[in-house]
Amino acid sequence: VELAVACGADGVHLGQDDMPLKTARGLIGPGKLVGISTHNIEQAMMAEQGGADYIGFGPIFPTRTKDTGEPRGIGLLRQVRESVGIPVVAIGGINEYNAPQAIEAGADAVAVITAISEADDKRGQASILSGFFSGR
């Protein structure tokens, strides 16, 4: 959060083990975005009640990028979407083949790492993934 403030970033994203959302909101100031990673419905609802602008939810599918436990799956993503009114970003094992499932389950966006970082044509892969959100 301190780095985001120092460089004038548009916002900050917090993990569950980072500083409390309320503290981050106070430090980053008004008009800046604060998001938080969540892994279950209770965390998602607490993030919304605490003033988060959006949540990251996952991992949705198996991933090698970060160990955040067992995949939560599309069903739980759908339940989270129905439980909160703020944007939901699906993360974890997202690629061009399963991104449509996350979007259909209510994700407002998807976060990807491996799908692009390990692609031979990174620009092409990014274009494919961003195409799922055309017209939204």
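The protein shows an accessible surface of about 7,700 Å², and 54% of that belongs to carbon and sulfur atoms (Shrake-Rupley method, 1.4 Å probe; for residues, only the protein chains shown count as cover). Keep in mind that this is a predicted model, where local features need pLDDT of at least 70, side-chain atom pairs count only at pLDDT 80 or more, and totals for chains, interfaces and linings use all residues. Residues are numbered from 1 along each chain as its sequence is written, and side-chain values use heavy atoms, with hydrogens and water left out.

**Overall build**

- You're looking at seven helices and five strands (DSSP runs numbered from the N terminus: H or I of at least four residues for helices, E of at least two for strands).
- Along the sequence they come in the order α-β-α-β-α-β-α-β-α-β-α-α.
- The radius of gyration is 15 Å, close to the 14 Å that the globule rule gives for 136 residues, so the protein is as compact as a globular protein of that length (the radius is taken over C-alpha atoms, and the rule is 2.2 Å times the number of residues to the power 0.38).
- Along the principal axes, the C-alpha atoms fill a box of roughly 40 × 35 × 30 Å.
- Of the 136 residues, 38% count as buried (buried is under 20% relative accessible area, exposed is over 50%, partly exposed is in between, with a 1.4 Å probe and protein chains only).
- Take the contacts between residues at least 6 apart in sequence: 44% of them join residues at least 24 apart (contact means heavy atoms within 4.5 Å).
- On the charge side, there are 11 positive and 16 negative side chains, and the centres of the two sets lie 3 Å apart (Lys and Arg are positive, Asp and Glu negative, with His and the chain ends not counted; the charge sits at NZ of Lys, CZ of Arg, CG of Asp or CD of Glu).

**Helix H2**

- In H2 (residues 21–28), the buried residues are Leu21, Ala24 and Ile28.
- Looking down the axis, these fall within an arc of 60°, so they line one face of the helix (the arc is that of the directions from the helix axis to the C-beta atoms).
- A handy reminder: an α-helix has 3.6 residues a turn, so residues three or four places apart point the same way.
- Lys22 and Gly26 are exposed on the other side of H2.
- The buried set packs against helix H1 (2–6), strand S1 (11–14), strand S2 (33–38) and H3.

**Helix H4**

- H4 (73–83) has Gly73, Ile74, Leu77, Val80 and Arg81 as its buried residues.
- They cover an arc of only 135° around the axis, which puts them on the same side of H4.
- Their packing partners are helix H3 (41–49), S3, strand S4 (88–91) and helix H5 (99–104).
- Ser83 also belongs to H4, and with a relative accessible area of 29% it is partly exposed.
- Beyond its neighbours within four places in sequence, Ser83 is in contact with Ile41, Met45 and Glu48.

**The cis peptide at Gly58–Pro59**

- Most peptide bonds are trans, but the one joining Gly58 and Pro59 is cis, with omega about 5°.
- Pro59 lies in the loop between strand S3 (54–57) and H4, and Gly58 is in that loop too.
- Gly58 counts as buried, at 2% relative accessibility.
- Setting aside residues up to four places away in sequence, Gly58 touches Thr38, His39, Arg72 and Ile91.
- Gly58 and Ile94 are 36 residues apart in sequence and 9.9 Å apart in space, C-alpha to C-alpha.
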